[in-house]
Amino acid sequence: DSKARANAHDMLQLRKTLLDPLKCQPLKRYAKAKNDRLLRDIEFWIEVQKYKDMHHRHSSTSLIRKKIGTIIDCFLDSTVFPKVQVSVPSDIANKITES
């Protein structure tokens, strides 16, 4: 039980760090130094969290759809090679882009 609480606390702290542009910069620099895919994974996670926040705030449907389209175009169906820019299996990315 205490391990689960600690894990939840760590996840909350990670989320707060990733959503704070100033605190996130060192992590992004580190990720970019390791490989570009890792950096794109972090950016993808941040954008998905922003989408989830918009949904929970009951933002307008058109704004939410625009956010979804942007995430798909940037990360899952990119015009830049590779088409899938993040660490998501291609079959899952295809299912998302087809729906």
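Contact here means heavy atoms within 4.5 Å. With that cut-off, residues 24 or more positions apart account for 39% of the contacts in the protein chain with a separation of 6 or more.

This is a predicted model, where local features need pLDDT of at least 70, side-chain atom pairs count only at pLDDT 80 or more, and totals for chains, interfaces and linings use all residues. Residues are numbered from 1 along each chain as its sequence is written, and side-chain values use heavy atoms, with hydrogens and water left out.

**Overall layout**

The protein chain has five helices and zero strands, running α-α-α-α-α from the N terminus on. Helices (H or I, at least four residues) and strands (E, at least two) are DSSP runs, numbered from the N terminus. The C-alpha trace spans about 40 × 35 × 30 Å along its principal axes. Of the 99 residues in the protein chain, 23% are buried. For the accessibility labels, buried means under 20% relative accessible area, exposed over 50%, and partly exposed in between (1.4 Å probe, protein chains only).

**How the helices pack**

Two packed helices are described by the angle between their axes and the distance between the axes. Axes are lines fitted to C-alpha atoms, for helices over the stretch in contact, and angles run from 0 to 180 degrees between N-to-C directions.

| Helix pair | Angle | Axis distance |
|---|---|---|
| α1 and α2 | about 95° | 5 Å |
| α3 and α4 | about 170° | 10 Å |

Angles under 35 degrees count as roughly parallel, over 145 as roughly antiparallel, 65 to 115 as roughly perpendicular and the rest as oblique. Helix α1 (residues 2-19) and helix α2 (residues 21-34) cross at about 95°, so α1 is roughly perpendicular to α2. On the α1 side, T17, L18 and L19 meet P21, K23, C24 and L27 in α2. By type, the residues of this contact come out as five nonpolar, one polar and one charged. Nonpolar covers Ala, Val, Leu, Ile, Met, Phe, Trp, Tyr, Cys and Pro, charged covers Asp, Glu, Lys and Arg, and the others, Gly among them, are polar.

For α3 and α4, the angle is about 170°, so α3 is roughly antiparallel to α4. Residues of α3 in this contact include F44, V48, Y51 and M54, and those of α4 include L63, I64, I68 and F75. The tally for the α3 and α4 contact is ten nonpolar, one polar and five charged.

**A look at α2**

Helix α2 has 14 residues and reaches 20 Å from its first C-alpha to its last, close to the 20 Å expected at 1.5 Å a residue. That expected span is 1.5 Å times one less than the number of residues. At the start of α2, a side-chain oxygen of D20 comes to within 3.0 Å of the backbone nitrogen of L22.

**Residues in α3**

Q49 lies in helix α3, and it counts as buried because its relative accessibility is 7%. Leaving aside neighbours within four places in sequence, Q49 is in contact with R15 and L19. L38 is also found in helix α3, and with a relative accessible area of 31% L38 is partly exposed.

H58 sits in the loop between α3 (36-56) and α4. H58 has a positive phi of about 60° although it is not a glycine, and at 70% relative accessibility it counts as exposed. P82 lies in the loop between α4 (61-76) and α5 (90-98), and the peptide bond from F81 to P82 is cis, with omega near -5°.

Key
Polar contact = N/O pair within 3.5 Å; in protein donor to acceptor, adjacent residues only side chain to side chain.
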